[in-house]
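Please open the structure in your viewer and keep the selection tool at hand.

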Amino acid sequence: DDPRMPTISGLRRRGYTKDILNSFCNDVGATRALNVVEMEKLFQSARLNLSATSRRAMAALDPIKVTITNFKEESDKLKEG
């Protein structure tokens, strides 16, 4: 039940949805051979699943003030040229 452990209940506690886990299992497939799957594969499945349902936004957390001193001159050059 520890969210740090890579178990199904641990992943669910970390916020992985059932759709993410199902798509990861479908991508990896079932086999009897011993194999190792990188955690990046799980992260990629989560990114692909969430990209279709999540909104993306950007923000300036620490904005700086910018003063453009030659804006009028440059805009005049663009209009002339």
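Does lysine 18 count as buried or exposed? Select lysine 18: at 54% relative accessibility it counts as exposed. The scale runs as follows: buried means under 20% relative accessible area, exposed over 50%, and partly exposed in between, with a 1.4 Å probe and protein chains only.

Before moving on, note that this is a predicted model, in which local features need pLDDT of at least 70 and side-chain atom pairs count only at pLDDT 80 or more, while totals for chains, interfaces and linings use all residues. Residues are numbered from 1 along each chain as its sequence is written, and side-chain values use heavy atoms, with hydrogens and water left out.

**The salt bridge**

The term means a side-chain nitrogen of Lys or Arg within 4 Å of a carboxyl oxygen of Asp or Glu. The structure holds one salt bridge.

**The largest pocket**

Next, select the residues that line the largest pocket: Pro6, Thr7, Ile8, Leu11, Leu21, Asn22, Phe24, Cys25, Val37, Glu38, Met39 and Leu42. A pocket is an open set of points on a 1 Å grid over the protein atoms alone, where a 1.4 Å probe fits, with protein on both sides within 12 Å along at least five of seven lines; lining residues have an atom within 4 Å of a point. The space in this pocket is about 180 Å³, a volume filled by probe spheres set on the points.

Now colour the helices (DSSP runs of H or I, at least four residues, numbered from the N terminus). Helix H1 (8-13), helix H2 (18-28) and H3 each supply at least two lining residues. H2 gives the most, with four.

**Serine 45**

Stay with helix H3, residues 39-53, and select serine 45 there. At 5% relative accessibility, serine 45 counts as buried. Show its contacts (heavy atoms within 4.5 Å). Leaving aside neighbours within four places in sequence, serine 45 touches Ile20, Ser23, Phe24 and Asp27. Phe24 also belongs to the pocket lining.

**The loop between H3 and H4**

Select valine 66, which sits in this loop and is exposed at 60%. A line from its C-alpha atom to that of arginine 56, ten residues away along the chain, spans 26 Å. Threonine 69 is also in the loop, exposed at 74%. From threonine 69 to arginine 47, the C-alpha distance is 42 Å, with 22 residues of separation in sequence.

**The nonpolar patch**

Finally, select Ile64, Val66, Ile68 and Phe71, which make a nonpolar surface patch of about 490 Å². Such a patch takes residues with over 30% relative accessible area and no salt bridge, and joins nonpolar side chains (Val, Leu, Ile, Met, Phe, Trp, Tyr) within 5 Å. Phenylalanine 71 belongs to helix H4, residues 71-80, and is exposed at 56%.

Conventions
Patch = residues over 30% accessible without salt bridge, like charges linked within 9 Å, V, L, I, M, F, W, Y side chains within 5 Å. Areas by Shrake-Rupley, 256 points an atom, 1.4 Å probe, with all protein chains shown as cover.
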